[in-house]
Amino acid sequence: MRENNNNNDKRIINTEKIKSAVYNLLLDIMVNIDANTVRLLEKAYKNEKCQTAKFTLKTILDNDKLAKTDNIAFCQDTGLAVVFLEIGQDVALEGEYIENAVNQGVREAYKDGYFRKSVVDPLTRQNTKDNTPAIIHTKIVEGSSVKVNVSAKGFGSENMSMLFMLPPQSSKGDIIAKVVECVKTAGAKPCPPIVIGVGIGGTMEKASLIAKYALTRDTATPSKCKDIATLEQEMLMAVNKLNIGVHGFGGDCTALAVHIETYPTHIAGLPLAVNINCFATRHGSILL
């Protein structure tokens, strides 16, 4: 049977729009800590009892204002670009190959924003000199739109990620204990106060992917599932009892938020991935 190639019922999107979205999002998230995260930092500053941690929080907030005023990156580690593309199945893409378009957006943003270029060959350690290739995750979803979700992942936090393959009988308490273990091991290295992405279920790679995706959620938005939202708060409370504090100076605020994503898994296992962001939690999205 001859395949029907009629795209009249498809919405056509040129990948130039996706390139522009990546470019503009990166220029924004490198300079502007999002408003809800700033509010959490301000709340932490108001409540912090440790004077050294309090001073450091004020420095972070002052640095954010300076970055916005001067339109410069608020951290010297401008990270590795991670792009989640959610492409509606009723979309027909035209123009340049989509991954080339994404990488061009990254390339131009890092050049025009004067951001540090940190991508290297894993073995030779030779710098690619334009911060590409990006890490690109593509998912086909319902609908006729494309969601572009961009993060800039610094490796002080990324290096502190952990994957646990727990036995299936593990309790909620066991899960919390492993997240706390990860944060305790990380200590001051990921520049706390941190935002913690947790992936529970699936397979080892799925758990890691959804933990990373969890970090794209707005810091003021708990899980839509009431039980998961409760677990997020329990993890946050447990982590903040560690007394690691802002940049490791001790105090009440080691983490600003915990975001959990789950996925069904096999009867014989329970994958658990923990992915950490620094306080900057650089991410942004746009719907095309």
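Visitor: Which side chain does Lys68 meet in a salt bridge?
Guide: Quick background: this is a predicted model, where local features need pLDDT of at least 70, side-chain atom pairs count only at pLDDT 80 or more, and totals for chains, interfaces and linings use all residues. Residues are numbered from 1 along each chain as its sequence is written, and side-chain values use heavy atoms, with hydrogens and water left out. A salt bridge here is a side-chain nitrogen of Lys or Arg within 4 Å of a carboxyl oxygen of Asp or Glu. At 2.5 Å from N to O, the partner of Lys68 is Asp64.

Visitor: Which helix do Lys68 and Asp64 both lie in?
Guide: The two sit four residues apart, about one turn of the helix. Helices are DSSP runs (H or I, at least four residues) and strands are too (E, at least two), numbered from the N terminus. That puts the pair in residues 51-70, helix α3.

Visitor: Is Asp64 buried or exposed?
Guide: Buried means under 20% relative accessible area, exposed over 50%, and partly exposed in between (1.4 Å probe, protein chains only). Lys68, at 35%, counts as partly exposed. Asp64 has a relative accessible area of 5%, so Asp64 is buried.

Visitor: Which residue forms a salt bridge with Glu16?
Guide: Glu16 is partly exposed at 42%. The closest N and O atoms are 3.1 Å apart, and the partner is Lys19.

Visitor: Where does Arg217 lie?
Guide: Arg217 forms a salt bridge with Glu232, with the closest N and O atoms 2.9 Å apart. Glu232 is in helix α8, so the pair ties together parts that are 15 residues apart in sequence. Arg217 itself lies in the loop between α7 (204-214) and α8 (226-240).

Visitor: How many salt bridges does a search of the whole structure find?
Guide: Some share partners: Glu16, Lys19 and Glu108 are joined into one network that way. Searching the whole structure gives a total of 14.

Visitor: Which strand gives the largest share of the lining of the largest cavity?
Guide: On a 1 Å grid over the protein atoms alone, a cavity is a set of points where a 1.4 Å probe fits but cannot get out, and lining residues have an atom within 4 Å of a point. Residues lining the largest cavity include Ser151, Ala152 and Lys153. Three lining residues come from residues 146-153, strand β5.

Note on methods: On a 1 Å grid over the protein atoms alone, a cavity is a set of points where a 1.4 Å probe fits but cannot get out, and a pocket is an open set with protein on both sides within 12 Å along at least five of seven lines; lining residues have an atom within 4 Å of a point.
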